[in-house]
Every structure is written in structure tokens, then in C-alpha cells.
Amino acid sequence: MFALHAPSPASVDELLKAWPDTAALGALDLHSDAVFYAIGRFIDAIYSSGFFAALDWQQVFTATELNDASKLERADAGELRALLLANIRLDRFCTGHLLRLLDEGYLETAFGRLVELRKTM
């Protein structure tokens, strides 16, 4: 799987602070203002924390790879970074992509993996 350099521990810490409570959001209407603003804060943190990196995601990942949560479970920090960034970028072109990932538990799995990886950084 494609990987970027691992993100800095500081950028991961900022991202984890901004990470939405995906379990609580999953209980809400996905089109509610609360979900919209929570996802927006998370996206803002991707860019402001230093977690973002240039990535030609369309050349690196297929749609199937981006939707495969099992890839998250084995991903190292650079791979997880690339997968999250690619999905953030895809959402710009496919409105509702992140909402679907939230609904399907993908984002919860990514959060769990990021927490685990942070312990060893």
C-alpha cells in the first residue's frame, strides 16, 4: 500500500483533539448541522495541524481501496495519513463521501488506528 511520511506527533495530537465523536454523530441525522460542523472542524484540523501533505491520490488509490476499512487496521502512520487525506480530497469531488464513511464506521476505525499509532510515536 502507498504511504506518505509519518505525520508529526504534534499534528496527530491536534487531529485527535479535533476528531468528531463519531459514535455520537452516527446517532444523529447525517445531514444535521451538528454533523456538518463536526466534519468541518475535522477537515480544518487536517489542514491547520500539519497533517496534510501533497498527494496525487487519484493516481495512488482506487475507489475500492479508499472504501476498504480493513486497510486501516493494518496501516502504519504514513499509510493511514495517505488514506485519510485521499478520502478528504475525494469528498471535495464526491459530496457526501465523508458522511458515508461516518455512517459505515470507516472513520471510527481510522480514529482507533490513529490512537494506537500515536502511542508509539
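Here are my entries, beginning with the ground rules.

**Ground rules.** I am working with a predicted model, where local features need pLDDT of at least 70, side-chain atom pairs count only at pLDDT 80 or more, and totals for chains, interfaces and linings use all residues. Residues are numbered from 1 along each chain as its sequence is written, and side-chain values use heavy atoms, with hydrogens and water left out.

**Entry 1: aromatic rings.** I looked for ring pairs and noted six aromatic pairs in the structure. Rings of Phe, Tyr and Trp (its six-membered ring) pair if their centres lie within 6.5 Å; planes under 30 degrees apart count as stacked, over 60 as edge-to-face and the rest as tilted. How are the rings of Phe2 and Phe61 arranged? Their centres are 6.4 Å apart and their planes stand at 90°, so I wrote down edge-to-face.

I then checked where these two residues sit. Phe2 is in the segment before helix H1 (9–18), and Phe61 is in the loop between helix H4 (57–60) and helix H5 (63–67). The pair links distant parts of the chain, 59 residues apart. Helices here are DSSP runs (H or I, at least four residues), as strands are (E, at least two), numbered from the N terminus.

Are the two buried or exposed? My scale calls a residue buried under 20% relative accessible area, exposed over 50%, and partly exposed in between (1.4 Å probe, protein chains only). Phe61 is buried because its relative accessibility is 8%, while Phe2, at 34%, is partly exposed.

I also found a cluster: ring pairs link Trp19, Phe42 and Phe111.

**Entry 2: a charge over a ring.** The charged end of Arg81 sits over the ring of Phe51, 5.7 Å from its centre. To count, NZ of Lys or CZ of Arg must be within 6 Å of the ring centre and within 35 degrees of the ring normal.

**Entry 3: two helices meeting.** I followed H1 to helix H9 (residues 106–118): their axes come within 11 Å and cross at roughly 145°. Axes are lines fitted to C-alpha atoms, for helices over the stretch in contact, and angles run from 0 to 180 degrees between N-to-C directions.

Which residues make the contact? H1 brings Pro9, Val12, Asp13, Leu15 and Leu16, and H9 brings Phe111, Leu114, Val115 and Arg118. Contact means heavy atoms within 4.5 Å.

**Entry 4: two residues of H7.** Asp91 is in helix H7 (residues 77–93), and I marked it buried because its relative accessible area is 18%. Leaving aside neighbours within four places in sequence, Asp91 is in contact with Gly96, His97 and Leu98.

Arg89 also lies in helix H7; at 23% relative accessibility, Arg89 is partly exposed. With neighbours within four places in sequence left aside, Arg89 is in contact with Tyr47, Phe52 and Trp57.

**Entry 5: a residue of H4.** Gln59 is found in helix H4, and Gln59 is exposed because its relative accessible area is 65%.
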